[in-house]
Amino acid sequence: MNGGQRSANKGEWAVEAEGLIKTFGNNRAVDGVNLNVRAGTIYGVLGPNGAGKTTTIRMLATLLRPDNGSARIFGHDVVKESQVVRQLIGVTGQYASVDESLSATENLIIFSRLLGLSRKEAKQKAVELLEEFGLTEAAKRPLKNFSGGMRRRLDLAASLIAQPPLIFLDEPTTGLDPRTRNQMWDTIRRLVKSGSTVLLTTQYLQEADELADRVAVIDRGRVVAEGTVDELKASIGSSSLQLRTKNLQDITNARHIVEKVLNVQSNVSSEGGKITAPMAEADRVTDLLIALREAGINLAELSVQKPTLDEVFLTITGHSVEEHASKEFTESKKVGEVSI
Ligand SMILES: Nc1ncnc2c1ncn2[C@@H]1O[C@H](COP(=O)(O)OP(=O)(O)OP(=O)(O)O)[C@@H](O)[C@H]1O
Ligand SMILES: [Mg+2]
């Protein structure tokens, strides 16, 4: 179980997946996913609700058999060598199977003992980890009284004991407050510094931006974009312009000007009041304002922001996250999903 000593050779592949397919009933949740993750890096799988992120991870983690395609973890096949693979990976959520009536400390000690630490080492480890995750205050409380955020932190703390070479984190920060989220990010970075490889899923572009060396954007079971976050952003523009005109009848004219000055394609929101467009350089907004004034167009609102996941989606897939999510939302959504 203790595969933590395996050093991550740069250049070695932690994950190689080809053509993974999984169908539930007549719903093809994963539709030919290819993923390659280098050892010693953080890889982000980005996508909206129902895109197939969790299903992909479950196949890579030997928890679900692919209908088709293949995957290898450090060169070992997830189906034919699932026992070997299980020793090389950690999946957040495994911890949830431990006793709910026991305290955080007791749970961590049990976990450490199972991994072969002595009683003294286990105790020490539990104290250290609880301190690091800001759970010292809650150390004696039974797990069933933990909030979702506390549980998530304890979950990651548990995966730090073994420190497997490859760690899957399924939406590690969804629903966490900003402080805890930052703490989680630090911990994930630390895991990688000390030799692990992390594959995480997220719905937040910012999270991928903060952490991931490379990302795959998944939509409807397919990888629709892959590369570094910078490459991804470059393809959609580094900033995003949002503009509303005072008079609705100016919108068409304003849109022409935006497209001409920025030399890009723009979008108008479905209710028709807002123009959004990618911007390579935020500086161009000056030229745009001048052009709009010369055309006699009064603005109600103008902002330049970093692109959101929604804009990434709109640009790459031609449809928004909401459009996609609303379809999925009728299906039961696991809130604060940690267990896979
Ligand atoms: N065990 C299952 N049985 C039937 N359908 C499933 C099962 N697991 C997932 N699905 C369906 O497969 C699709 C992909 O689900 P998945 O959980 O992989 O998405 P996700 O990207 O992780 O979404 P989220 O962001 O909501 O966690 C969805 O349509 C979902 O309803
Ligand atoms: Mg999921």
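What we have is a predicted model, where local features need pLDDT of at least 70, side-chain atom pairs count only at pLDDT 80 or more, and totals for chains, interfaces and linings use all residues. Residues are numbered from 1 along each chain as its sequence is written, with chains lettered from A and ligands numbered from 1 in the order in which they are written.

Let's start with α5, residues 148-162; helices here are DSSP runs of H or I, at least four residues, and strands are runs of E, at least two, numbered from the N terminus. Of its 15 residues, 12 are buried, so α5 is largely enclosed by the rest of the structure. Buried means 20 or more other C-beta atoms within 10 Å of the residue's own, with C-beta atoms placed from the backbone. Among the buried ones are R152, R153 and D155. Just after α5, Q163 has a positive phi of about 40 degrees.

Now α3, residues 104-114, where the buried set includes N107 and I109. Just after α3, G116 also has a positive phi, of about 95 degrees.

From α3 come A104, L108, F111 and S112, and from α5 L154, A157, A158 and I161; contact means C-beta atoms, placed from the backbone, within 7 Å.

Notes:
Contact = placed C-beta atoms within 7 Å.
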